[in-house]
Amino acid sequence: MHPSASFSATIRVRIENHPGAFARLAAAVGEAGGLLGAIDLVRVERATKIRDVNVLAENEAHLHAIADAVHGVEGVEVVNVSDRTFLLHLGGKIEVRPRLPLKTREDLSMAYTPGVARISRAIADDPQKVWSLTIKRNTVAVVSDGTAVLGLGDVGPAAAMPVMEGKAVLFKEFAGIDAFPICLDTTDPDEIVRTVQAIAPGFGGINLEDIAAPRCFEIERRLRESLDIPVFHDDQHGTAIVVLASLLNALKVVGKRIEDVRIVTTGCGAAGMAVTRTLLNAGARWIVGCDEGGALYRGRPGLNPAKQEYAEPTNPDNLTGSADELLSGADVFIGVSVPGAISVDGVRRMADRAIVFAMANPAPEVDPEEIEGLAEVIATGRSDYPNQINNVLAFPGVFRGALDVRARTIDGGMELAAARAIAETIPADELSADYIVPSVFNRAVAPAVAVAVSEAAERSGVARRLRSSPQQVPATPTMPEVAAAEIVTAW
């Protein structure tokens with residue numbers, strides 16, 4: 001592992017004001033295996049200086065070890081140590097702000113009573129006006145029960161809140177969408193479905209997040225059947241979209257076709273099943289999925305209904321054995337499972353110009369550094385290696401496109417369109433083994449995905465309006481402009 005900002009601290013120190021004092025501090029950080037970040041001068045005193053020193057570590061224990069090392073430096077007094085990640089989350093990461101000023105009685109009378117009653121009446125008379133007269137047109141609920149949070153597992157709804165807040169930040173930053181974290185204190189599928197159905201009128205889309213399998217499949221299916229707005233389980237479909245986009249580009253690099261390659265996967269939960277389904281829809285013909293018991297095959301004893309369903313269209317030769325054994329001659333490995341799911345020897349037995357996507361976080365299924373030279377293209381879920389496969393490349397643009405055309409759902413065609421749009425963000429002449437996935441900060445990705453998704457929605461008939469229709473009311477509209485924006489009731 002490498003030091004990263006995820007485990008970083010600001011150490012405020014009082015340093016004796018003479019040559020060599022700071023050098024001793026820097027040396028102590030380096031000897032402890034840490035990295036120095038920003039160094040800021042807080043103030044100068046008569047015989048000392050107060051500095052804020054940012055240090056990066058590999059994990060929490062390492063961070064404490066670095067702080068202890070600084071404590072032991074002669075001529076350096078540690079004033080305090082602040083964990084930068086905890087500081088970032090103080091008070092939460094999102095807030096609600098009004099879009100319009102409220103400065104006068106007139107403002108108040110239009111924004112609230114009595115003027116707001118006219119808006120409510122207009123929506124009651126024509127429910128479709130809720131899309132243009134409320135936040136629904138640009139709002140997504142991020143719903144979780146806290147049972148499958150990142151790599152932490154079942155930590156509950158309260159502990160899931162920081163993650164859902166983070167998701168809301170990403171929606172706003174990359175797609176301009178207002179998203180709200182909704183963390184539910186229940187794991188009962190019936191209660192979750194009823195609750196989401198009850199709050200749906202206020203939202204243009206539902207993003208299900210970190211709900212454990214197999215319960216997540218039932219919840220998503222029932223909500224998709226009962227609601228007329230997009231319901232998207234990001235752990236499934238977001239992951240699948242970015243994996244497909246990455247694989248399309250990786251196959252270009254190695255000169256192979258998705259129809260011809262042999263693909264082995266590990267992890268048959270929500271993400272693994274969705275990835276496989278999406279790859280099959282994109283043209284893959286040979287996929288074998290493996291869990292901790294080895295290959296999923298038709299007739300394997302003890303499979304739950306979801307895994308039985310998975311086995312039907314996959315593993316065409318009904319092979320048995322471990323993932324490591326099945327890697328022999330395989331072209332592609334895709335891991336959405338656990339560290340150590342495959343071995344270096346397993347990768348060594350893969351076909352020439354092999355592709356390995358080891359996406360377990362924070363420790364991949366196999367150490368990327370140990371398979372350099374064995375696989376031609378390597379991708380992970382981590383930001384400190386090339387080719388990070390990250391859902392943020394998909395879900396902001398997917399929802400932006402769906403909201404722009406007021407889609408009733410997000411179907412398979414929209415997901416394939418999103419994957420191709422992500423892949424095509426990288427020009428063909430720039431593709432390489434170390435560059436098959438665009439950066440999460442590539443601002444061209446979300447708009448490209450949004451256009452592709454909205455066009456696919458129009459083609460499949462799930463769009464309520466065309467993308468070219470007016471999307472926003474002008475800041476100071478004239479009456480004809482207001483009418484064109486569909487917000488005026490008849491006189």
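Helices (H or I, at least four residues) and strands (E, at least two) are DSSP runs, numbered from the N terminus. This is a predicted model, in which local features need pLDDT of at least 70, side-chain atom pairs count only at pLDDT 80 or more, and totals for chains, interfaces and linings use all residues. Residues are numbered from 1 along each chain as its sequence is written, and side-chain values use heavy atoms, with hydrogens and water left out.

**View 1. The lining of the largest cavity.**
Helix 15 (395-404) and helix 17 (445-460) each supply at least two residues of this lining. A cavity is a set of points, on a 1 Å grid over the protein atoms alone, where a 1.4 Å probe fits but cannot get out; lining residues have an atom within 4 Å of a point. The structure holds one cavity of 30 Å³ or more. The volume of the largest cavity is about 60 Å³. Here a volume is the space filled by probe spheres set on the grid points, which are joined across faces, edges and corners. The lining is made up of F174, V392, L393, P396, G397, S439, V440, N442, V445 and A446. By class, seven of these residues are nonpolar, three are polar and none is charged. Ala, Val, Leu, Ile, Met, Phe, Trp, Tyr, Cys and Pro count as nonpolar, Asp, Glu, Lys and Arg as charged, and the others, Gly among them, as polar.

**View 2. V449 in helix 17.**
V449 has 0% relative accessibility, so it counts as buried. Buried means under 20% relative accessible area, exposed means over 50%, and partly exposed lies in between (1.4 Å probe, protein chains only). How far apart are V449 and F7 in sequence and in space? They are 442 residues apart in sequence and 32 Å apart in space, C-alpha to C-alpha.

**View 3. A nonpolar surface patch at L102, L108 and Y112.**
These three residues make a patch of about 340 Å². Patches are made of residues with over 30% relative accessible area and no salt bridge; like charges are joined within 9 Å, and nonpolar side chains (Val, Leu, Ile, Met, Phe, Trp, Tyr) within 5 Å. Accessible areas come from the Shrake-Rupley method with a 1.4 Å probe, and for residues only the protein chains shown count as cover. Y112 sits in the loop between helix 4 (105-111) and helix 5 (116-125). Its relative accessible area is 55%, so Y112 is exposed.

Side chains of opposite charge can pair when their charged atoms come close. A salt bridge is a side-chain nitrogen of Lys or Arg within 4 Å of a carboxyl oxygen of Asp or Glu. The count by this rule is 27. R97 is exposed at 65% relative accessible area, and E95 is exposed at 57%.
R464 is partly exposed, with a relative accessible area of 22%. D228 is partly exposed too, at 45%.
Relative accessible area is 49% for R348, which is partly exposed. D345, at 43%, is also partly exposed.

**View 4. A salt-bridge network.**
R14, R43, E45 and E77 are linked in a network of salt bridges.

P214 is in the loop between strand 7 (205-208) and helix 9 (215-226). P362 is in the loop between strand 13 (355-358) and strand 14 (377-380).

**View 5. Positive phi at R353 and N387.**
R353 is a residue other than glycine, yet its phi is positive, near 60 degrees. Its place is the loop between helix 14 (344-348) and strand 13. R353 is partly exposed, with a relative accessible area of 39%. Phi of N387 is likewise positive, near 60 degrees. N387 is in the loop between strand 14 and helix 15. Is N387 buried or exposed? N387 has 5% relative accessibility, so it counts as buried.

Definitions and conventions: On a 1 Å grid over the protein atoms alone, a cavity is a set of points where a 1.4 Å probe fits but cannot get out, and a pocket is an open set with protein on both sides within 12 Å along at least five of seven lines; lining residues have an atom within 4 Å of a point.
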